[in-house]
Amino acid sequence: MSRVLLAAAAVALALFVQALPAEAQTAPAPTPVYDAEGYAPGLAAHYYRDEDYWGGQWPDGVSVPNVASADHTFRQYKYTRVEPLISHLFITRGWFSVRWQGYLTIPAAETPDAEFLYKFYVFADDGCRLFIDGEKLIDDWRPCSENAPDAIRSVSKKLKAGRHRIVVEYFQGQSLAANDRDPIRLSWECRARGLKSTVIPETQFSHRREDLTPQAGRLDGASKRK
Ligand SMILES: [Ca+2]
């Protein structure tokens, strides 16, 4: 098999592995290779198991518990792995939370200090949050349907070329129907640079060794329940 075919097969396998649910992951992940500056490709992904039907308010067909989602997610740490990008379909799996963390590289510009207005889209069933350079840009930590317009959250931010800290948090509560795809997808666009809306490719993500250490709870400590 040619090198190109092998690479394509590796990518296909990586995407398939991503689609597995939080607790069924068995494939060994490749060991990250860190460069001289301490960066390796991909984002650190920390998976947490949440209790089933947390809050006890998940009647069939209505994915809305009458409790604070922050108190019932990121409950039990399960494992960490490196993932190339954020474009997942968890497909009828439920009751878990994920945090991706690392760096997003904005491509170099002719003028190093030039800022460009990037628009970010997070398509998620259920809740999601987005931080860039420590700034909380999206915080929509609630159950929702992937078929509802509000499953796509967006925000714009001016960014210079280079690495920027990025954290994405996500939870999946109840999966309602047999054909639910339960997506989480991170896209971007930048009209000033001719970039149309597309999933942020793996070439733009990196992480450092310390990103592989999980943190308890949500980053802002919003959960009051111990
Ligand atoms: Ca759901």
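Visitor: Which residue in E8 stands opposite isoleucine 132?

Guide: Isoleucine 132 faces glutamate 135 in E8. A word on the source: this is a predicted model, where local features need pLDDT of at least 70, side-chain atom pairs count only at pLDDT 80 or more, and totals for chains, interfaces and linings use all residues. Residues are numbered from 1 along each chain as its sequence is written.

Visitor: What makes E7 and E8 a pair?

Guide: Two strands pair if DSSP finds at least two bridges between them. E7 and E8 (residues 135-140) have five bridges, in the antiparallel sense, so they meet the cut-off of at least two. E7 and E8 also form a hairpin, with two residues between them. Aspartate 133, in that turn, has a positive phi of about 50 degrees.

Visitor: What is a strand here?

Guide: Strands (E, at least two residues) and helices (H or I, at least four) are DSSP runs, numbered from the N terminus. The chain comes to one helix and 13 strands.

Visitor: Why is alanine 124 called buried?

Guide: A residue is buried if 20 or more other C-beta atoms lie within 10 Å of its own, exposed if 12 or fewer, and partly exposed in between, with C-beta atoms placed from the backbone. Alanine 124 has 28 such neighbours inside 10 Å, so alanine 124 counts as buried. Alanine 124 sits in strand E6 (residues 115-124).

Visitor: What does alanine 124 contact, leaving aside neighbours within four places in sequence?

Guide: Two residues are in contact if their C-beta atoms, placed from the backbone, lie within 7 Å. Alanine 124 is in contact with Ala151, Tyr170, Pro183 and Ile184.

Visitor: Which residues touch the most other members of the largest nonpolar core?

Guide: A nonpolar core is a set of buried Ala, Val, Leu, Ile, Met, Phe, Trp, Tyr and Cys residues joined through C-beta atoms within 7 Å. The largest one has 29 residues, and Trp100, Val122, Cys128, Val168 and Tyr170 touch the most other members. Strands E2, E5, E6, E7, E10 and E11 give two or more residues to this core. E6 gives the most, with five. Leaving out residues up to four places away in sequence, valine 122 touches Cys128, Leu130, Ile138, Arg153 and Leu186.

Visitor: What makes E2 mostly covered?

Guide: Five of the seven residues in E2 are buried. E2 pairs antiparallel with E3 (residues 76-83) over seven bridges. There, tyrosine 48 stands opposite tyrosine 77. Six bridges join E2 to E5, also antiparallel. Arginine 49 stands opposite phenylalanine 96 in E5.

Visitor: Where is phenylalanine 74, in a strand or in a loop?

Guide: Phenylalanine 74 lies in the loop between E2 and E3. Phenylalanine 74 has 24 other C-beta atoms within 10 Å, so this residue is buried. Its phi is near 55 degrees, a positive value. Most residues other than glycine have a negative phi, and most peptide bonds are trans. The bond from aspartate 125 to aspartate 126 is cis, with omega near 25 degrees. Aspartate 126 lies in the loop between E6 and E7.

Visitor: What is the mean pLDDT of the chain?

Guide: pLDDT is the predictor's confidence in each residue, from 0 to 100. The chain has a mean of 84, and 79% of its residues reach 70 or more. Over residues 4-20 the pLDDT is below 50. Where pLDDT is low, the predicted coordinates should not be read in detail.
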